[in-house]
Amino acid sequence: MKTAAGRWILLATVLGSGIAGIDATVVNVALPTIGADLGTDFAALQWMVTGYTLTLASFILLGGSLGDRYGRRRIFVIGVVWFAVASLLCGLAPDAGLLIAARALQGVGGALLTPGSLAIIQASFSGEDRARAIGAWSGLGGVATAIGPFLGGWLVESVSWRWVFLINVPIALAVVWIAARHVPETRDAEATGRLDILGAVLGALALAGTTYALIEAPVQGVTAPAVLGSAVIGVVAAALFLLVERGTEHPMLPLRIFRNRQFSATNAVTFLIYAVFGGIFFLLVLHLQVVADFSPLASGIAMLPVTALMLVLSPSAGALSSRIGPRLPMTVGPLVCAVSLGLMLRIDQDASYLLDVLPPVIILGLGLSLLVAPLTATALSSVPERQVGLASGVNNAVARAAGLIAIAVLPAAVGLSGEVYSDPVQFAAGFDAACIIGAVVLVLGGLLAAFTIRDPGPAPASPSAVAHPAHCAVEGPPAAPGAIEARPHQS
């Protein structure tokens, strides 16, 4: 990283992963404006978020495998170009249906570029330089994520919501130029066997069918043919996915990894925690605009303390966890976050940012800072060193799938559907119910950690000590929309 070549590699990977990170936060801020402009219902707004997350969660493991097999720079560049083209389609979409389809295409691009950004660093640096490069990549990536809500709010208010997507295009062009000139090609010489394409397709069908049924059931009715049909497709595809992964020689998701009790327990906690964050962050930004009458810019800025606190405190929380063990932080963190959700019940039509919004946001940031680094480190340290890349990818996919399902289920569970985002009273009642449900689930997550996570665990693998960097192609679990991304090396 001390050389010009190293700095160019770092710039390419930070900008590449940054456009995906920014996009995950700017879109939420723009949703009410998009809904009003395109005349959509609440289900369409859900699909604008879940369409992206669905394809990203479905193909991110496959994206890492493709990079290892065919060249990490090549797949990374293809992902960036794919993401840029899909962003252009999003910005030009004349209606909600085409926008949702383009968002799904964005997710595929994100699944190709996201694992490649970290894998390129792992393969291009060594020893202390690798640790410094990953630290810089993490910090700068966090800054990019923090900029997202502010940038999105400013673009929506000053220009147009369409520029939330169009701004990705010039950044992507810069990334492609830098990568082509300055990033060396690397691949895993030991990557053998057939790619698990069938597993990836079945996994995507399982998520898509289930998500469609959950989102559309409140709109079309549970007995509607499309809802029933998609539910059946989702269940059958999930069953076939498990059979394929168990029987194939080179599975995308080796099920045997879940025989590790610590790893399985950590992922169960991950699912509960990130389900809450996925649902609440999606609704909170809407709530601030629909109920509290915040502008898009103000609602985006409102969440910045969460990102700032995590940037500052997560490394210390990871160090604390390595000294005292992960069970206590993973137990207390969700409980602190549950207190935050309780305080969010005070955010109403007359809410003041300093008195009603900032306190729960700060408490949420403290809880996440205490929780995320130990959670990620435990997922990685609970498996043998040779499986750390696989563990990271699985934990990532679990977190994204949890957020996807939560955004599909939670609004329907609290009565948020139809044109509810234009009715402050009804939306406020639904948001309060969502906060109560979220707080209960967080308490359950903390209790689950208390009874299932073991102390002391093995020391988390440091980036410079990973035996097979080619396999460390996938990040740790993503943060919920609006928050910083959690990286496996934060500990």
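Predicted model: local features only at pLDDT ≥ 70, side-chain atom pairs only at ≥ 80, totals over all residues.
**Ground rules.** I kept in mind that local features need pLDDT of at least 70 and side-chain atom pairs pLDDT 80 or more, while totals for chains, interfaces and linings use all residues. Numbering starts from 1 along each chain as its sequence is written, and side-chain values use heavy atoms, with hydrogens and water left out.

**Entry one: α2 and α4.** I looked up how α2 sits against helix α4 (residues 96–124), and found their axes 6 Å apart at an angle of about 25 degrees. Helices here are DSSP runs (H or I, at least four residues), numbered from the N terminus. The axes are lines fitted to C-alpha atoms over the stretch in contact, with angles from 0 to 180 degrees between N-to-C directions. I therefore put α2 and α4 down as roughly parallel (angles under 35 degrees; over 145 is roughly antiparallel). Their crossing is right-handed, that is, the near helix is turned clockwise from the far one by less than a right angle. By class, I noted 17 nonpolar, eight polar and one charged residues in this contact. Nonpolar covers Ala, Val, Leu, Ile, Met, Phe, Trp, Tyr, Cys and Pro; charged covers Asp, Glu, Lys and Arg; the others, Gly among them, are polar.

**Entry two: α8 and α9.** Next I checked α8 (residues 197–220) and α9 (residues 225–247), whose axes come within 7 Å and cross at roughly 155 degrees. These helices are therefore roughly antiparallel, and α8 passes α9 in a left-handed crossing. Their contact has 16 nonpolar, seven polar and two charged residues.

**Entry three: a pocket lining.** Which helices each supply at least two residues of the lining of the second largest pocket? I found α2 (42–70), α8, α9 and α15 (388–413). The lining divides into 17 nonpolar, three polar and no charged residues.

**Entry four: a ring pair.** The ring centres of Y52 and F83 lie 6.4 Å apart with planes at 80 degrees, so I logged the pair as edge-to-face. Rings pair if their centres lie within 6.5 Å, and planes over 60 degrees apart count as edge-to-face, under 30 as stacked and the rest as tilted. Y52 is in helix α2 and F83 in helix α3 (residues 72–92), 31 residues apart.

Definitions and conventions:
Parallel < 35°, antiparallel > 145°, perpendicular 65-115°, else oblique. Phe/Tyr/Trp six-rings, centres within 6.5 Å; stacked < 30°, edge-to-face > 60°.
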